[in-house]
Amino acid sequence: MQLDERQQQQVEAIASLVTQPDRSAIRQGVELAAALGDQDVFASLLDGLTPVPSGTQFPHHRRFPTPSRATRFDSGSGNQAWLDLAMLHVLAASDLPVRTKTTSIVLGTPMRKFSEPAPTLWLDGLERLSALTHLDLHLGSNDRDLDLGALERFESLTHLRIRGGASSGEIPSMKNLQHVDGARIRFASRAEFPALRSVRGRVLSTEPLNPEAMPSLVSVEARDGVNLVGFSSLERLWCARGDYEILGCERIEHLRVNASSFHAPDLRHVGVLDRLGESVVVSQLETLGEVKLNLASRLSGEFPKGTRLADPKVVLFGPAVTDLVNVGDLPGMEVLLMTRVRDPISLEPLRQATDLRVLDIRNSPGITDLSPLVELPRLEVLVMTDRDRDRYEIPPELIDRVQKSWRLTQMTTLTKSQATKQA
């Protein structure tokens, strides 16, 4: 790109301002560039910048991609965090085609040496990135007063991630926002989020999440407690630590509870339950689709009396299972998979599992006594390896039921028809 002498001088003057680790200087440089309105000057400043390719897919809870650095803003020095911030504000002030192609940015930096100066973030002006859908904010100690209210002007934003815990700002009403993920999430009082589908992180809002403000919300992964009032059903609710009160919710398709207390008095159906703590209160629970525990899950609570399985299966998968509690009391349990159980565990609760047809205990040294299985009238298939057969003293009544080579191709999605066919 060929610039005349006057334009070259303008570029150098603006560059001397926006490359300083100083908020006021950067603002002054951006305002000067905007006042000139010369897109050749902007093009020279941003030479080498490449936006994130359109159509890029990435999980909403991971670090979002950001444009590659323009040559002038790539120093590799301790000022790099400031240069990245300045570059994005220069980009937003321009009318270059690259501005309308920028869909994802990261403000702040997750990797900064303590000796490097921390940038002070600001959002004003970035709303001019009209195609921006993903915004990743990494807040530092200088960002306590960051005004998140400016986000209300980010009309195209669909994904917001807030890392770090400095700012006490509140997220304002945002009509197109679909996903929020953050270490500290505060929704402004009476703010509305008509398109919001998922919330993930630590929710510090004092008001309960409710369908009046968030009519599209279907997924909540919270830690340190949260209250939800009025959602009749949710696709996902994962609770870690803290106190939870879930009022008015009758159906949850995927529930994971590892919290200090969990109170859901209206809950009647759970599609998949993959963790259950001792302090869980689900007194009205009527049906379960599946109990599925993976390597990190545990089962320490009891199901309410009368709870039945909507599908004929329970999956207890992995060494985290230490107690079957009242699993045997679940009517309709026909298939039970317990593989790689390491800790000592008793099968006594299964004496009541009168519907059980298929039991898989392969590679489970924690199971030693098979005598409770003798009383199961419908047990047809007991799956174990040759090594398991040598380990157990198998009661004579079970000898004919042991299957040495019975293979399950998809254990976690085994259906009644598949179990019948393979048995």
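What share of the contacts in the chain with a separation of 6 or more comes from residues 24 or more positions apart? Such residues account for 35% of those contacts. The legends below describe close-up views of this predicted model.

**Figure 1. Overview of the chain, with its seven helices and 20 strands.**
The chain has 423 residues, and buried residues make up 51% of them. The views that follow take up the helices, then the strands, and then single residues.

**Figure 2. Helices H1 and H2 in a left-handed crossing.**
Helix H1 spans residues 5-18, and its axis comes within 7 Å of the axis of H2. The two axes cross at roughly 155 degrees. Angles over 145 degrees count as roughly antiparallel, and therefore H1 is roughly antiparallel to H2. On the H1 side, the contact is made by Gln10, Ile14, Leu17 and Val18. H2 contributes Ala25, Ile26, Gln28, Gly29, Val30, Leu32, Ala33 and Leu36.

**Figure 3. Helices H2 and H4 in a right-handed crossing.**
Helix H2 covers residues 23-36, and its axis and that of H4 come within 10 Å of each other. The crossing angle is roughly 25 degrees. Since angles under 35 degrees count as roughly parallel, H2 and H4 are described as roughly parallel to each other. From H2, the residues that meet H4 are Arg23, Ile26 and Val30. Their counterparts in H4 are Trp82, Ala86, His89, Val90 and Ala93. Ile26 and Val30 of H2 are also among the residues in the contact with H1.

Is His89 buried or exposed? His89 has a relative accessibility of 5%, and because buried means under 20%, His89 counts as buried. Its side chain reaches the backbone oxygen of Trp122 at 3.1 Å. Leaving aside neighbours within four places in sequence, His89 is in contact with Val30, Trp122, Asp124 and Leu126. Of these, Val30 belongs to H2 and is part of the meeting of H2 with H4.

**Figure 4. An open sheet of four strands in the order S7-S9-S11-S13.**
The pairing in this sheet is parallel. Strand S7 (226-229) and strand S13 (280-281) are the edge strands, and each pairs on one side only. Strand S11, residues 261-263, runs parallel to S13 and is joined to it by two bridges. Phe262 stands opposite Val280 of S13.

**Figure 5. Strand S8 and its parallel pairing with S6 and S10.**
Strand S8 comprises residues 233-240, and five bridges join it to strand S6, residues 219-223. In this pairing, Ala222 has Cys239 of S8 as its bridge partner. Seven bridges join S8 to strand S10, which spans residues 251-258. Leu237 stands opposite Leu255 in S10.

**Figure 6. Ser198 in strand S5 and its polar contact with His179.**
Ser198 is buried, with a relative accessible area of 5%. The side chain of Ser198 makes a polar contact with the side chain of His179, at 2.6 Å. Ser198 and Val180 are 18 residues apart in sequence, and their C-alpha atoms are 6.4 Å apart in space.

Most residues other than glycine have a negative phi. Arg190 is found in the loop between strand S4 (179-185) and strand S5 (198-203). With a relative accessible area of 72%, Arg190 is exposed. Asp224 is placed in the loop between S6 and S7. Its relative accessible area is 36%, and Asp224 is partly exposed.

Definitions and conventions: Residues are numbered from 1 along each chain as its sequence is written. This is a predicted model: local features need pLDDT of at least 70, side-chain atom pairs count only at pLDDT 80 or more; totals for chains, interfaces and linings use all residues. Side-chain values use heavy atoms; hydrogens and water are left out. Two strands pair if DSSP finds at least two bridges between them. Buried means under 20% relative accessible area, exposed over 50%, partly exposed in between (1.4 Å probe, protein chains only). A polar contact is a pair of N or O atoms within 3.5 Å; within protein, one must be able to donate a hydrogen and the other to accept it, and residues adjacent in sequence count only if both atoms are side-chain atoms. Contact means heavy atoms within 4.5 Å. Axes are lines fitted to C-alpha atoms, for helices over the stretch in contact, and angles run from 0 to 180 degrees between N-to-C directions. Angles under 35 degrees count as roughly parallel, over 145 as roughly antiparallel, 65 to 115 as roughly perpendicular and the rest as oblique. A crossing is left-handed if the near helix is turned anticlockwise from the far one by less than a right angle, and right-handed if clockwise.
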